[in-house]
Each structure stands twice: as C-alpha cells, then as structure tokens.
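Visitor: I would like to learn how to read a few features of a model. Where do we begin?

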Amino acid sequence: MMLGIRSPAAVRVAVRTLRSSSNHRGCISSTRTTVSHRYRFNTNIKPPLASNANAFLRLRNNGWNIRLSSIKLYSTCSESSASTPGDDAALKFSSGVEDGGADSEAVADSVTVRNGAMDEAYYAIELALDSVVKIFTVASSPSYFLPWQNKSQRESMGSGFVISGKRILTNAHVVADHTFVLVRKHGSPTKYRAEVKAVGHECDLAILVVENEEFWEGMNSLELGDIPFLQEAVAVVGYPQGGDNISVTKGVVSRVEPTQYVHGATQLLAIQIDAAINPGNSGGPAIMGDKVAGVAFQNLSNAENIGYIIPVPVIKHFISGVEETGDYVGFCSMGLSCQPTENAQLREHFQMRPDLTGVLVSRINPTSDAHRVLKKDDIILSFDGVPIANDGSVAFRNRERITFDHLVSMKKPNDTAQVKVLRSGEEQEFTVTLRPLHPLVPVHQFDKLPSYLIFAGLVFVPLTQPYLHEYGEDWYNASPRRLCERALRELPQKPGQQFVILSQVLMDDINTGYERLADLQVKKVNGVEVDNLKHLRQLVEDGGNENVRFDLDDERVIVLNYDSAKTATSRILKRHRIPSAMSDDLVEAQDVAVIEVACSK
C-alpha cells in the first residue's frame, strides 16, 4: 500500500498503519519497505517496523532525517485485505497492482491519509480544543515612590493549557501582581475562579489550579515532548489580541540557544520560531506532533514574525521544583563572570596548552559556593566533565553549541558539580555546590508590596530596579546615575544584604533642612554599618541614644532627636494618610523580636 504523508506528526500514524497491515497480511521476513522523500530532513526517527513486521525503512539518501514534507511509504505486501485505520487518520483506499522489482513490487492498496492530523496546524487545534484556556487577570502593581499604596488596577488576558494533575500552566507575566484570576475553556461561556499555586518569575512560568470540578469536565491534559530540531514545524495555540476565539499560528524552529527572558531578566534556554506571537498568546502551548514543544512567552520588537517559546527542559525544571518543595525553587548559578580566551596571547599568558580550552574567571559572587574554592584568573576547563570551548560554549545536540551557563541552570538547588580549572599552569578539580543567587539590587519584585520604613518623615527603602523604573521608560538615563550604576554592577558581600537608600523626605518641622537629601545610600546608623532595612529599623529602635545619626552617601549626615522624631512620625503619617510607619514584613520582624525578648525573660 502507499501512504501519502504530509507532516511529521503523521509518521507515527503511518507506521502504526503499516505495522497493522503487515501483521494482518502475513508479510515475510524478506519484505522490504522503502521511504522516499523530496527534501533533507532534520528530525531523527528510528526504524520502527523491524521488530513487529520484520521489515525496515530505507531512505534513498541514506539518513534517518525526517521533517515536514511529502513522504511516501511503499509496502511490498501484495495481498488485498480490509484496512486497519491509524488511530489519528481516516484512510481512503483504492485498489491497484503493479509489477516491478524489489523497490517497485506490486502495491495492493493506495492509501491517502487525508485527516487533518496530517496538517500540523489542524492537528494542533484538535489537541488544543479541550486543553487550552483563556486567562483573565486583574492586577495592581505597587508604587515604589509611595510604597504604602498600589497603583490603579488593570485588566489583561493571556493563554494557558492543562497539564497532568489538574493544573494549568501559563506565563508568570500573565498573572504577575494579580488580585483576581479567571479562566475560561473553549466553547464555554462560563469563567471559573483560579488560584495561583506557584510562580517562577525568572523562567516566566506559573501554575494555576481551579477548585470547581465542573471546569474539569471534558478537559484533557497535554503531554510535554522534547526540544525540536531546527526547521521542525510547530503550531502556537492561544488567544491573541484581535479576537475572542482560539487561534493557531504555524511556524518552524529557527534557533535554540540561551536567551534573555524579558520578564525575569534572566538568561535561560529558549526556542526562536517564525510564528507570530502577539499579546494574548502568552502562556499558550507550541505543539509539535501530539506533544508540547514549549510555551509561548515573548517576541522580538521591531521584527516581523520572530517569537520565542520556553523549551521543555526549563518547564520540567520549574514543575519538578514545585512538586518536590511545594513552591518555586529557582534556577542555580555559579555566581561567576567569565571572559572568553579566544586570544592566543591571553591563553599563552595563563599557560594554556594548545589542547586546553576554557574561560577566564574575572569576578566571583561572594555569596556563592564557588567563592570558597575558585579564584580570580582561574581558567574553567570543564563543567561536570563537559569541555568548555574558548568562547564559553559547550556541545549541544547535532553540531549545535550553547553557553555552558545552560548546564548550570539545569541543576537543582544544592546539587554539586565537578569543575576542572587551570590555576598557575596546573589542572585542579573542585566540587561546587550550586544554588540560586540573589543580586544586591533585585531586578524584579512581583506579587508583594515593597518594604519601607518612615522615621520622622524620612522614607527608607531597599533599592530595586523597579524603583528605578519609576523614572520612566528612559529610566537608565533619567534615574540618579550613581544609584543606577551601583544597581547594575555591585555584588552583595553577605547573604541578606540590601542597598538601603533614603528615597524622599516628607516635610515637617523636625526635618527642615534635610529635604534635599534624597536618593542617597544609608551607610551607617549610630556608627554601625547597615546590612538591610530590617537591620536599620533595629538600629534606630534599639540605639538607646538621645540622638539618632544617619551617615549617608556623599558624606552627608542627618541627626535627629529620638523622642521628638517618634512624636513627629505619628503626625506626619496622619497628615499624609499613611496607614503604617513600616511595611508588613518589618512589622512581622518586630513582633518576632518582641516575642523572643519575652521568652528570654
């Protein structure tokens, strides 16, 4: 028989059909099956017929590389019998017999696979109808200049899809700073309340749950697949802007490499495709065959049809962390800043033999475990036995390369890795414990109010990049230059350290003359260096001095009488209608401290 196949998803259907037909027709071991195709393909497919039908597939260009194209499978079985339809295809038969050699032996049946499963886009939407949902989010972001209040609420929409365990997977930015979330399944007018179970802002993924059992009636979960090869076809399913119904866009894989995740400002593996990904598509699945190849999450501005999807390894890392700990655990980092060693003179200076390759360590995060064993000017030769090239890349699949940071990010927190380095011309090997690291100035801060402390009208906050973003779209140039530079470059020296600043002064008699001292780092309180905002509150409250002295950046000094400042704080809060002198996280820390003191007595 002959199967006309137009998509890689249909290869499995054709194989099942051939296998079934061969078993029913009694093919002998000498039977041969030939595959002919028009183009060179990129998806590795193993011969599936040898064990069940004593047959094999032979490509006329000697390779097992198959992708979307016109493919014909010829079976030499000559006996006519009733067809065995594939699970996903409707088969149309016409009889006919031809005489020929081994490759053109009589064909009893001509079978044309006509079902929509042969077309990626149609097959994708068939899978998605009972899996992809539309998400309606009401969100309210905090004001970082006025950290005791929120901005006005906004509404947004996105997509998501059902995975195993009655869970919905979507993007983190779809539900960021959410106050209320609803989901609607295809073909239903009803919206159901959803709760956010876990959010990973670095990887831009979130898991939702719906308690209403009515929602799950008729819903099917999608299965995660593998990383697609270049030029493989994928179909992105979701609810983009421009309409209310489900939409499918089709494209091919253009590139697979670590990419900047806009929402989380992290560098993780991503897949570039040429399918349009528009607002509303976020969180929808990219389907290849009958499995999910990734989650749509961003596009490239000022470019046409360049979109990105989150690949399955990143998705599985996120989901497994949530399943093991009940919450998002993050992605590991070695805490290193490395320089390529592509220059021959640089390699000679660091005594690298011609057979050695690696990258130069230029800076180490003091809070990382690597700081314990590695040194500046070490040459990292390999990570867990994988050689690192002079440009910092490692081998990936078939003749592809990606940065070795991907190997680090796929480790689970507290996993160890073997790192081989070249130090002063000698090779050494160290064991490094990996864990997520936090920058001195957080890049993002979602789903919670900022921390703040008000004392005598002085508003203290930890510096974050969202605080700098309040200066507008051109925040890099509009925000205070000194704060911006330190936010982007400075590393923490100890765990839990924050960059505490005096953000503004709420005018009152007690702080007259200090009103211009804003956006300056608070270095010391009563001569003690400030570690974080909680530490600053403790130093102010427990100082035991008549006056409180604040040493600021640029050698500025503020001195206040403690009793007068406490009295002034109450009237300033009332005047500005501020509910509390400190954020909830500091109130909780204060309550814990009081309890500990009471217990000690």
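Guide: With residue classes. Ala, Val, Leu, Ile, Met, Phe, Trp, Tyr, Cys and Pro count as nonpolar, Asp, Glu, Lys and Arg as charged, and the others, Gly among them, as polar. This is a predicted model: local features need pLDDT of at least 70, side-chain atom pairs count only at pLDDT 80 or more, and totals for chains, interfaces and linings use all residues. Residues are numbered from 1 along each chain as its sequence is written, and side-chain values use heavy atoms, with hydrogens and water left out.

Visitor: Which residues line the second largest cavity?

Guide: A cavity is a set of points, on a 1 Å grid over the protein atoms alone, where a 1.4 Å probe fits but cannot get out; lining residues have an atom within 4 Å of a point. Here the lining is Y144, P147, Q445, P450, S451, V461, P462, T464 and Y467. That lining divides into 6 nonpolar, 3 polar and no charged residues.

Visitor: How is a pair of aromatic rings described?

Guide: By the distance of the centres and the angle of the planes. Rings of Phe, Tyr and Trp (its six-membered ring) pair if their centres lie within 6.5 Å; planes under 30 degrees apart count as stacked, over 60 as edge-to-face and the rest as tilted. The count comes to 13 aromatic pairs. F215 and W216 make an edge-to-face pair, at 4.9 Å between centres and 85° between planes.

Visitor: What kind of pair do Y261 and F297 form?

Guide: A tilted one, 4.6 Å centre to centre with 40° between the planes. Y261 lies in strand 17 (residues 247–261) and F297 in strand 20 (residues 291–299), so the pair ties together parts that are 36 residues apart in sequence. Strands are DSSP runs (E, at least two residues), numbered from the N terminus. Y261 and F297 are buried.

Visitor: Where do the side chains of a regular strand point?

Guide: They alternate between the two faces of the sheet. In strand 19 (residues 285–288), P285 and I287 are on one side, A286 and M288 on the other, and all are buried.

Visitor: How many bridges join strand 19 and strand 20?

Guide: Two strands pair if DSSP finds at least two bridges between them. Strand 19 and strand 20 have 4, in the antiparallel sense. M288 has K291 in strand 20 as its bridge partner. In this hairpin, with 2 residues between the strands, G289 takes a positive phi near 70°. Strand 16 (residues 233–238) also runs antiparallel to strand 19, joined by 2 bridges. There A235 stands opposite I287.

Note on methods:
On a 1 Å grid over the protein atoms alone, a cavity is a set of points where a 1.4 Å probe fits but cannot get out, and a pocket is an open set with protein on both sides within 12 Å along at least five of seven lines; lining residues have an atom within 4 Å of a point. Buried means under 20% relative accessible area, exposed over 50%, partly exposed in between (1.4 Å probe, protein chains only).
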